[in-house]
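Hi everyone, thanks for making time for this. I'd like to walk you through one structure, one spot after another, so do have a look at the picture while I talk.

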Amino acid sequence: MSRDTHERAGRLINRRHIEGLSPAERQWLDAHLESCGVCAERAHLTTEAIASLRAVAVPVNPAVVSMAKARARMRAVELRRRDERLRPLWIACVFSCLIMLLTTPYFWRAFEWVGQAMRLPALVWQAGFLLWWSVPATVAAIALLWLERSGGLFNGRHEGAGPLEG
Amino acid sequence: MRQECAEIARGLRKHDPDLLDRLIERYHYRLLRYLISLTGDRALAEDAFQETWLHVLERGSQYNGRASFESWLFSIARHLVIDWFRKKKGVSLEALTEPDDDRASLQVPAGQPSPLELVAEQEEAERLARALPSLPAVYREVLVLRFQEEMKLEEIAAVAGVTLSTAKSRLYRGLEALRRAIEGGRA
Ligand SMILES: [Zn+2]
């Protein structure tokens, strides 16, 4: 038998366990293994190696699992609390955006009317309108700052990160 | 399966602590086994195990429920270990990306029994326990994902963050290296 034949057998032995073989390839390999002791031993060793790999057992320290559960629970509670604190803010943001969108054309006209009635330069009443327009965003930013200062909104995951930090 | 993944995704978005409890209970063994094979160090693997679950919580909203949860979980664990090795241990990223030769970059220190060795009882298992840590980490990883986790090739590629052809090539080379190492152990 040529060297190529054994090399092909070697490739098919591995492929059988990784991608699988076509029926024709399987048939060819089985026939080769019947007649070639070296490749048969190689096939046997490969199968054995995979079988032992599948049989490997890793002992688990229950304390590690309990600790992971406790830390995850604590963090989940923290994150939920953060979500709860943020929720009213999100609702307020959505609500104010909606109001803004709906009322902008009317307020623009109102500012224009007041500007003309008071004989103000266009730039002044337009600046006034912009100022009014930015009020909700400013309020949201103040609320975020206040939440961060009072409860640590973004104090994040570093609390109790423990063993990995050392 | 799909529905279960979607439920997990929903629970993670809500930071549901009970869901986390169930996930840890269900996946702790497989995650730990994977981390041990990846790091070759039990203490390190246990620390990474703890941290992985915190990352799962924090990045829960990134899990869309379309891919399998274990692939996502393992890829989070993998990123964490790579990051960690890079930052704390001074081991380059290449150690977990592609070995230049057949020497392991993240080997178990000499003379120290690996966790796998500790539990090896039968002769064959002992041979494997000696052979496995001598393989480069990237080979150990794909072998574990394929033959212990029974993952599909596509899932292995997703976890390892490589193309399908790279995942396959690592598997072929890993299997070859494992067989040779076991053969060497017999001689
Ligand atoms: Zn042959």
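Okay, let's begin with the metal. The zinc ion is held by four side chains of chain A: His6(A) through ND1, His32(A) through NE2, and Cys36(A) and Cys39(A), each through SG, at 2.0 to 2.4 Å. Before I go further, please keep in mind that this is a predicted model.

So what is the arrangement of the 4 donor atoms around the zinc ion? It's tetrahedral, because the angles they subtend run from 100 to 120°. For orientation, the ideal angle for four tetrahedral donors is 109.5 degrees. If you want to find the donors along the chain, look for the spacing H-x25-H-x3-C-x2-C.

Are these residues buried or exposed? Let's take two of them. His32(A) has a relative accessible area of 4%, so it is buried. Cys36(A) is buried as well, with 6%.

Since cysteines have come up, a word on disulfides. A disulfide is a covalent bond between the sulfur atoms of two cysteines. How many disulfides are there over all chains? The count comes to 0. Over in chain B, Cys5(B) counts as buried, because its relative accessibility is 5%, and the limit is under 20%.

Now let's step back and look at chain A overall. Chain A has 166 residues, and 28% of them count as buried. Then there are the contacts: take those between residues at least 6 apart in sequence, and 57% of them join residues at least 24 apart.

Next topic: aromatic rings. In chain A, one aromatic cluster is formed by Phe107(A), Trp108(A), Phe111(A), Trp125(A), Phe129(A) and Trp132(A). Let's zoom in on Phe129(A), which lies in helix α5, residues 122-133 of chain A. Phe129(A) counts as buried, because its relative accessibility is 6%. What does Phe129(A) touch, leaving aside residues up to four places away in sequence? The answer is Thr104(A), Phe107(A), Trp108(A) and Phe111(A). Take Phe111(A): it is 18 residues from Phe129(A) in sequence, yet the two C-alpha atoms are 6.4 Å apart in space.

The charged end of Arg8(A) sits over the ring of Trp28(A), 4.2 Å from the ring centre.

Over all chains, a search of the whole structure gives 11 aromatic pairs. One of them is Phe49(B) with Trp53(B), an edge-to-face pair with 6.3 Å centre to centre and 80° between the planes. Both residues belong to helix α3 of chain B, residues 42-58, and they are 4 residues apart, which is about one turn of the helix. Phe49(B) counts as buried at 1% relative accessibility, and Trp53(B) counts as buried at 0%.

Now compare that with Tyr63(B) and Trp72(B). Why is this pair called tilted? The ring centres are 5.1 Å apart and the planes are at 40°; edge-to-face needs over 60 degrees and stacked needs under 30, so this pair is tilted. Tyr63(B) is buried with a relative accessible area of 1%, and Trp72(B) is buried with 14%.

Terms used:
Residues are numbered from 1 along each chain as its sequence is written. Chains are lettered from A and ligands numbered from 1 in the order in which they are written. This is a predicted model: local features need pLDDT of at least 70, side-chain atom pairs count only at pLDDT 80 or more; totals for chains, interfaces and linings use all residues. Side-chain values use heavy atoms; hydrogens and water are left out. Rings of Phe, Tyr and Trp (its six-membered ring) pair if their centres lie within 6.5 Å; planes under 30 degrees apart count as stacked, over 60 as edge-to-face and the rest as tilted. Helices (H or I, at least four residues) and strands (E, at least two) are DSSP runs, numbered from the N terminus. Buried means under 20% relative accessible area, exposed over 50%, partly exposed in between (1.4 Å probe, protein chains only). A charge sits over a ring if NZ of Lys or CZ of Arg is within 6 Å of the ring centre and within 35 degrees of the ring normal. Donors are N, O and S atoms within 2.8 Å of the metal (3.2 Å for Na, K and Ca); water is not among the atoms, so sites may look incomplete. Four donors count as tetrahedral if all angles lie between 85 and 135 degrees; four count as square planar and six as octahedral if opposite donors are over 155 degrees apart and all others between 65 and 115; anything else is irregular. Contact means heavy atoms within 4.5 Å. A disulfide is a pair of cysteine sulfur atoms within 2.5 Å.
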